[in-house]
Amino acid sequence: IVSVGGDGMFSEVMHGLISRTQINLGVDENDPRAELVPCDLRIGIIPAGSTDCICYATVGANDPMTSALHIIVGDSQPIDVSSVHHKNMFLKYSVSLLGYGFYGDTLIDSEKNRWMGPSRYDFSGFKTFLSHHCYEGTISYLPATETTGSPRDTSPCTAGCHVCRCSGQQLRLSQRERKFKFIDEEQQQWKVIKGKFLAINSANMSCACPKSPKGLSPAAHLADGTIDLILVRKCSRLGFLRHLIRHTNSDDQFDLAFVEVYRVTKFKFTPKYCDEEDSDIQDVSKNLFGQICRDHPSCSCAQFQSSWNCDGEIIKHAAIEVRVHCQLLRLFVRGIEELTVQKDVTNSYVV
């Protein structure tokens, strides 16, 4: 299947292909613990969108001719897909960015200004930066232990990546061994973090694009069965600006006191102030306190609630559960072959 468009068009094709595969094989997508079955068909992307993040992060360029040549040659690259659930209800699949806070607010505002074209993202991002809203909640995550590498590695994922290849070998273990590993994973201890955050981001891939050549998580792998969870705690506007600027240059964007990054296989988020039906953690005192703040906006501790940005689509449920499915999908790409290619891809074909 070949899609001509942006990340939104690819997302529609991906959802249809994965869902149809699970329906045909009797897999319940609404079960967060379900083992999804990999898709047989490959998807090709000919970029024609605003950011083309998925194409850029898997090819190293957003050039239509380069992508067409990869499809003609028949290249194949597996990628991880994350499933997003609210309690026992399936919401979305994600292959690139899942962001709460800054990126969620930016997307909501940009949808009101679609007439501006691609520049709406810069405009909405600037407005969101000035508002400087932070959100309080609890994040629980399961650390990745079955893969090598770290989010702080200096070498990104490239074609023929050793880490992704080893993950593929583990994925092809017998069904009995995989069930044993799944049970063993559930017995591991979940880590819990509470606090106020300006942004909560999870990246299945680097999320690189022309405006951010290294992406949100430069060392993220395409097919190792993990997510890079990035937490940006409450800080000054100047500090947050420094973090955003580092997305556009070669500086280490994680080398800041208020930024934390973890490589995980699952995570859950529960906002501190939310409707009772959306919260799995019942705390009467917190709910009453939150209700007082909502009834009196002038209160200095009044809270705001954001939405999730899931590959450019809005998820309004704040309390979600996310799990990565290793190498669930295959693309007509080869991966980024040379690091130097990223520096000059405007007038050259990467094949």
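Start by selecting Tyr93 and Glu29: their side chains make a polar contact (2.5 Å). A polar contact here is a pair of N or O atoms within 3.5 Å; within protein, one must be able to donate a hydrogen and the other to accept it, and residues adjacent in sequence count only if both atoms are side-chain atoms.

Before you move on, know that this is a predicted model, in which local features need pLDDT of at least 70, side-chain atom pairs count only at pLDDT 80 or more, and totals for chains, interfaces and linings use all residues. Residues are numbered from 1 along each chain as its sequence is written, and side-chain values use heavy atoms, with hydrogens and water left out.

**Stop 1: around Tyr93**

Tyr93 lies in strand 4; helices (H or I, at least four residues) and strands (E, at least two) are DSSP runs, numbered from the N terminus. Is Tyr93 buried or exposed? Its relative accessible area is 1%, so Tyr93 is buried (buried means under 20% relative accessible area, exposed over 50%, partly exposed in between, with a 1.4 Å probe and protein chains only).

Now show what Tyr93 touches, leaving out residues up to four places away in sequence: among them are Met14, His15, Ile18, Val81 and Cys310. Contact means heavy atoms within 4.5 Å. Met14 is 79 residues from Tyr93 along the chain, yet their C-alpha atoms are separated by 8.3 Å.

**Stop 2: helix 1**

Select residues 7-24, which form helix 1. Its 18 residues should span 26 Å at 1.5 Å a residue, and the end C-alpha atoms are 26 Å apart, which agrees. The expected span is 1.5 Å times one less than the number of residues.

Colour the buried residues of helix 1, including Phe10, Met14, Leu17 and Ile18. Their cover includes strand 1 (2-5), helix 2 (53-59) and strand 3 (77-86). Just after the helix, find Gly26, with a positive phi of about 75°.

**Stop 3**

How many of the 10 residues of strand 3 are buried? The count is 10 of 10. Gln77, Ile79, Val81, Ser83 and His85 point one way, and Pro78, Asp80, Ser82, Val84 and His86 the other. In a regular strand, side chains alternate between the two faces of the sheet.

Strand 3 runs antiparallel to strand 12, with 8 bridges, and antiparallel to strand 4, with 5. Two strands pair if DSSP finds at least two bridges between them. Select Pro78 with its bridge partner Arg330 in strand 12, then His85 with Phe90 in strand 4.

Finish at Lys87, in the hairpin of strand 3 and strand 4, where this residue takes a positive phi near 55°.
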